[in-house]
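Look over the structure first, then read on.

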Amino acid sequence: MSDDPNALPDPAIDDTATMQRRGFLKATAGAGAAVAGITGFPYVHAQEKMTLRYLGTAVNQDKAIADKFEADTGIKIQYVAVTTDDVTKRAVTAPNSFDLIDTEYFSLRKIIPTGNLLGIDSKRIRNADKITTLFTKGEIGGKKVGDQGTAPKKVMYLEKPDSKTFAAAPTQYMTLIPTVYNADTLGIRPDLIKRPIESWKELLNPEFKGKAAILNIPSIGIMDAAMVVEALGVYKYPDKGNMTKKEIDLTIKTLIEAKKGGQFRALWKDFNESVNLMASGEVVIQSMWSPAVTAVRTKGIACTFQPLKEGYRAWAAGFGVPKTLSGKKADAAYEFINWFLDGWAGAYLNRQGYYSAVLETAKAKMEPYEWAYWMEGKPATSDIKSPNGDLLAKAGSSRDGGSYEARMGGIACWNALMDENVYMVQKWNEFVAA
Amino acid sequence: MTSPSASTTAGAPLAVDAPAPSAAPRRHAARSRIAWLQAAPLTAVFVLFFLVPLALILMVSFWRATDYELIPAFTAQSYLDIFAGCGSGEGSCVTLSTYLSTLKFSLLTWAITAVLGFAVAYFLAFHVRSTLTQTVLFILCTVPFWTSNVIRMISWIPLLGRNGLVNDMLLATGLVTQPQEWLLFSDFSVVLAFVHLYTMFMIVPIFNSMMRIDRALLEAARDNGASPWQTVVHVILPLCKTGLIIGSIFVIALVMGDFVTVGVMGGQQIASVGKVIQVQANVLQFPAAAANAIALLAVVLLMIVALMRLVDLRKEL
């Protein structure tokens with residue numbers, strides 16, 4: 001009451017009652033406001049838009065996907081785009097800096113032992129049992145595919161949500177829910193090579209001296225090199241994804257000899273570098289990624305993602321949840337994962353030439369002619385366009401590598417993290433320095 | 001009191017003999033305290049952002065690491081790994097060949113930027129008479145710095161490529177019959193980009209030294225019958241030594257630690273010490289990367305010490 005300025009100078013006793021009443025009113029009003037403030041706080045908070053920080057590589061972080069998800073659910077996606085190596089580095093060193101991670105399966109061998117990721121409860125994922133068998137069993141259409149390297153089925157499950165080691169058999173808890181995957185091979189410029197290319201060994205064929213390139217990400221580059229060594233008939237690896245020191249020496253020696261002979265025009269590390277090398281004609285044959293081939297083609301330059309008889313080197317990425325995530329944010333992360341598997345995003349990715357985790361939901365969101373072109377390997381009955389409307393293939397043409405079964409069934413090995421990783425990187429630096 | 005050391009003795013050597021012997025030491029103490037306080041903010045910044053991180057790097061370089069964790073330990077393994085293969089005579093000493101290649105780039109870049117920088121600065125300082133033109137030309141020199149390093153570098157690629165402008169021109173004029181491959185992704189293109197990027201770091205300090213030369217000296221040289229060339233060699237060059245050395249430190253330190261330019265212009269095929277460190281840090285082999293960083297630091301420091309031997313910078317500035 002003393003805070004009422006009128007109260008102090010007024011000596012009239014009669015007035016005290018009114019003063020008190022007035023003061024009482026004020027006090028209750030104040031208390032009311034306070035109560036409203038307290039109860040109102042969570043209410044205001046709930047109205048506030050939830051934002052999920054999505055850590056991953058730029059390849060998967062499409063604005064259209066975030067926009068569509070926000071339109072559907074009101075949850076905002078904030079993309080944090082870094083390189084493949086940095087995704088792993090952040091997961092290991094700064095698990096608080098993201099709410100959702102999109103990382104490659106081979107990185108799990110570095111991330112899971114830190115305990116920074118929490119196993120995803122498959123009971124909360126609506127389409128968990130519809131995820132392609134390539135991940136859960138390592139099979140396509142009932143047939144086993146190559147599992148050299150860090151095949152997803154080897155690192156797919158955890159015994160408990162907070163396990164630091166992988167489970168041998170399927171469990172309720174999944175390390176990552178797959179987002180996209182594909183099988184990589186050599187990209188070529190058919191207009192400049194002018195003859196069929198059928199084997200990985202062509203990468204080191206002296207015919208392409210000074211016009212070849214290889215990937216300068218050690219763990220992936222060495223696998224491509226191993227495919228070449230096997231194709232040349234020099235050596236057959238028990239497991240290309242987990243070489244012994246001797247095998248690493250042999251592989252690097254082959255690369256160094258080729259490099260000293262002037263085989264390579266350049267090494268590339270960044271997606272765009274590979275596009276520029278190919279589009280400018282500096283390089284006519286190189287290890288390449290599917291969207292890079294698409295990017296060269298959209299410039300009107302002939303480029304083929306050449307299927308080879310030795311098979312493909314496959315890779316896969318998926319969503320993981322950091323262990324620091326809880327409450328509403330965790331719910332939102334699960335909601336996003338569920339939404340992602342519902343078909344719209346899957347169809348979007350399939351139209352870019354990737355493959356999505358749950359095929360049947362994606363199929364429902366694609367036109368039959370699109371499905372026939374992208375997934376069944378049939379000639380397009382009408383022009384094939386990318387999600388943002390660029391012409392990718394004219395009617396009548398069919399996809400490199402054919403159907404989903406033909407392509408993913410041809411997997412020879414998976415991107416991997418070797419036990420001898422330290423030694424391998426050391427030797428890779430030797431190759432770069434040679 | 002002997003405590004008021006270097007900082008005060010240099011500034012006021014005469015004050016020591018001041019008439020009031022009892023008051024002088026106290027005033028000295030107060031003044032030295034203020035001097036310390038004045039130096040404190042910069043010292044704090046240095047300690048926090050330079051010494052502490054450096055100490056951490058040194059510490060980590062003796063640790064061990066697996067694929068996913070750092071293990072505190074005291075092992076010289078990372079340092080031994082640097083020299084793996086050296087001395088066995090098989091020629092597979094990666095570190096040595098990497099350092100040699102990096103040193104080669106440093107020396108080439110240094111020599112070219114020094115000559116170019118000296119020539120440009122000479123022109124600006126002695127040939128351009130009006131201060132306005134001088135300022136305008138000087139700003140013109142800095143204009144390329146308004147765009148990013150990487151963009152300036154990448155813009156060379158379409159120029160030098162197999163189907164690039166230079167090759168098109170050479171083929172059209174009939175000077176060559178085959179596209180020249182050595183223009184891009186070669187030692188040549190790397191040095192070219194370095195020179196393009198770093199000449200400015202030479203021009204500025206040399207120009208600064210030249211502007212401080214007393215013009216009367218040049219007239220005196222001419223009066224004594226020195227040819228213009230003799231004036232440059234015997235008068236200007238010795239007086240620009242400070243600028244040259246400062247520029248050299250910039251250029252050498254920049255080139256030694258570079259990994260982006262060598263990567264982009266060398267087609268990722270040319271090794272550099274910085275690149276090795278970057279690759280190791282990327283695959284979470286922090287101890288190895290830290291050991292390499294410490295080794296690189298030691299080499300660069302040695303080079304700078306050697307340069308400092310040539311000129312007493314503190315006296316000259």
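Where is the place of B:Thr199 in chain B? B:Thr199 sits in helix α9 of chain B. The model is predicted.

**B:Thr199 and its surroundings**
- B:Thr199 has 10% relative accessibility, so this residue counts as buried. The cut-off for buried is under 20%.
- Setting aside neighbours within four places in sequence, B:Thr199 contacts B:Thr113, B:Leu116, B:Gly117 and B:Phe194.
- A polar atom of the B:Thr199 side chain lies 2.5 Å from the backbone oxygen of B:Val195.
- B:Ile112 is 87 residues away from B:Thr199 in sequence. In space, the two are 8.4 Å apart, C-alpha to C-alpha.

**B:Gln180, in a loop**
- B:Gln180 lies in the loop between α8 (165-173) and α9 (187-211) of chain B.
- Its side chain reaches the backbone oxygen of B:Gln178 at 3.1 Å.
- B:Gln180 also touches B:Asn167 and B:Leu170, with residues up to four places away in sequence not counted.

**Chain B as a whole**
- Chain B has 16 helices and two strands.
- The chain has 317 residues, and 39% of them count as buried.
- Take the contacts in chain B between residues at least 6 apart in sequence: 68% of these join residues at least 24 apart.

**Where chain A meets chain B**
- Chain A brings 37 residues to the contact, and chain B brings 29 residues.
- The area buried between the two chains is about 2,800 Å². Carbon and sulfur atoms give 51% of it.
- In chain A, the residues that lose the most area to chain B are A:Lys110, A:Arg265 and A:Asn429. Together they make up 21% of what that side buries.

**The chain A side of the interface**
- Elements of chain A that each supply at least two residues are α3 (84-93), α4 (108-111), β12 (264-268), α9 (271-279) and α16 (421-433).
- The largest share comes from α16(A), with eight residues.
- By type, the residues on this side divide into 15 nonpolar, 10 polar and 12 charged.

Terms used. Residues are numbered from 1 along each chain as its sequence is written. Chains are lettered from A and ligands numbered from 1 in the order in which they are written. This is a predicted model: local features need pLDDT of at least 70, side-chain atom pairs count only at pLDDT 80 or more; totals for chains, interfaces and linings use all residues. Side-chain values use heavy atoms; hydrogens and water are left out. Contact means heavy atoms within 4.5 Å. Buried area is the accessible area (1.4 Å probe) that two parts lose on being put together, summed over both. Helices (H or I, at least four residues) and strands (E, at least two) are DSSP runs, numbered from the N terminus. Ala, Val, Leu, Ile, Met, Phe, Trp, Tyr, Cys and Pro count as nonpolar, Asp, Glu, Lys and Arg as charged, and the others, Gly among them, as polar. A polar contact is a pair of N or O atoms within 3.5 Å; within protein, one must be able to donate a hydrogen and the other to accept it, and residues adjacent in sequence count only if both atoms are side-chain atoms. Buried means under 20% relative accessible area, exposed over 50%, partly exposed in between (1.4 Å probe, protein chains only).
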